[in-house]
Amino acid sequence: MSPLPTITLHDVRAAIALVDFDCIAAQARMSPQPRGPRPENAGTPPREAGVLALIYPEVDNEIHIVLTRRTETLRGHSGQISFPGGKRDPEDVSFAATALRETCEELGVCDSITIIGELTTFYIPPSHFNVHPTVGYLPHHPTFAPNPDEVAEVFSFALRDLLDERFRFEETREFNGYPVTIPYYEVCGHKVWGATAVMLGELEARLRCILLESA
């Protein structure tokens, strides 16, 4: 197996800026299949949320990406692996503003984060949310002060691990009496699936396009 390339900030910027990119196919690769039905309240507009895919350089100059494990006491998606983020407040001027505010509230990371761009909005049927992912960059290791009411654990992994097939799996689970195939990444001892895996999958696909062009 050939060594994986080191991913630079330039690569990430180029990946986010790609045009004519098939984001639907990229999202589908890590999306549970079949997808759940739209909820009974689907006649109402989905709620809107913003999350932050925060990247930063580690001491070895590898670009890392931050994830959290939600506490078991939270009402929605308790115990799951996610990006920091949450529901958009009326005073938030953009979904990026929502993501930055929530990252400050959840992780205590209130530094000046550079916004690189956005990934594709993803709809989550069970919670009837549109999730808008923002990619942000911090030029140093974040100092985390997680809110214990919301965050049970904060961890990160090297972005290039997304390109390593050894970290990607799938399993079958039963939902509402039907088998569903769940693709997931296994990082730092955690299974990352659902919306978070879908967003990481799009980022992976974008990075692969850039790295193939430069190979």
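A salt bridge is a side-chain nitrogen of Lys or Arg within 4 Å of a carboxyl oxygen of Asp or Glu. Arginine 208 and glutamate 204 form one, with their closest N and O atoms 2.8 Å apart. The structure above is a predicted model, in which local features need pLDDT of at least 70 and side-chain atom pairs count only at pLDDT 80 or more, while totals for chains, interfaces and linings use all residues. Residues are numbered from 1 along each chain as its sequence is written, and side-chain values use heavy atoms, with hydrogens and water left out.

## Charged pairs

Side chains of opposite charge can pair when their charged atoms come close. The structure holds 16 salt bridges, and three of them are set out here.

| Salt bridge | Closest N and O atoms |
|---|---|
| Glutamate 171 and arginine 173 | 2.7 Å |
| Arginine 208 and glutamate 204 | 2.8 Å |

Let us look at helix α4, which spans residues 194-214. Helices (H or I, at least four residues) and strands (E, at least two) are DSSP runs, numbered from the N terminus. Arginine 206 and glutamate 202 sit four residues apart in α4, about one turn of the helix. Arginine 208 and glutamate 204 also lie in α4, and they too are four residues apart, about one turn. Salt bridges with shared partners join Arg29, Glu165, Arg168, Glu204 and Arg208 into one network.

How covered are these side chains? The words used here have cut-offs: buried means under 20% relative accessible area, exposed means over 50%, and partly exposed is in between (1.4 Å probe, protein chains only). Arginine 206 and glutamate 202 are both buried. Glutamate 204 is buried as well, at a relative accessible area of 0%, whereas arginine 208 is partly exposed at 28%. Arginine 173 is also partly exposed, with 24% relative accessibility.

## A covered strand and its partners

Strand β7 runs over residues 129-137, and nine of its nine residues are buried. Both of its faces are covered: Phe129, Val131, Pro133, Val135 and Tyr137 lie on one side, with Asn130, His132, Thr134 and Gly136 on the other.

Which strands pair with β7? Two strands pair if DSSP finds at least two bridges between them. Strand β1 (residues 47-57) runs parallel to β7, with nine bridges. Within β7, glycine 136 stands opposite leucine 54. Strand β5 (residues 114-118) is antiparallel to β7 and is joined to it by four bridges. Glycine 136 is also the bridge partner of isoleucine 115. Strand β6 (residues 122-124) pairs with β7 in the antiparallel sense over three bridges, and phenylalanine 122 has valine 131 of β7 as its bridge partner. In the hairpin of β6 and β7, four residues lie between the strands, and histidine 128 takes a positive phi near 55°.

## The nonpolar cores

A nonpolar core is a set of buried Ala, Val, Leu, Ile, Met, Phe, Trp, Tyr and Cys residues joined through side-chain atoms within 4.5 Å. The largest one has 43 residues, and Val12, Leu67 and Leu200 are among those with the most contacts inside it. Helix α4 gives the most to this core, with nine residues. Another core lies apart from it and has 10 residues, including Leu52 and Val109.

Contact means heavy atoms within 4.5 Å. Leaving aside neighbours within four places in sequence, the contacts of leucine 67 include Ile81, Phe83, Phe157, Val192 and Leu200.

## Aromatic pairs

A pair of aromatic rings is described by the distance of the centres and the angle of the planes. Rings of Phe, Tyr and Trp (its six-membered ring) pair if their centres lie within 6.5 Å; planes under 30 degrees apart count as stacked, over 60 as edge-to-face and the rest as tilted. The count by this rule is two aromatic pairs.

The rings of phenylalanine 169 and tyrosine 184 have centres 5.6 Å apart and planes at 25°, so this pair is stacked. The two residues are 15 residues apart, with phenylalanine 169 in strand β9 and tyrosine 184 in strand β10 (residues 178-187). Phenylalanine 169 is partly exposed at 35% relative accessibility, whereas tyrosine 184 is buried at 7%.

Why is the pair of phenylalanine 175 and tryptophan 193 called tilted? The centres of these rings are 6.5 Å apart and their planes lie at 40°, so the pair is tilted. Phenylalanine 175 is in strand β9 and tryptophan 193 is in the loop between β11 (190-192) and α4, 18 residues apart. Tryptophan 193 is partly exposed, at 23%.
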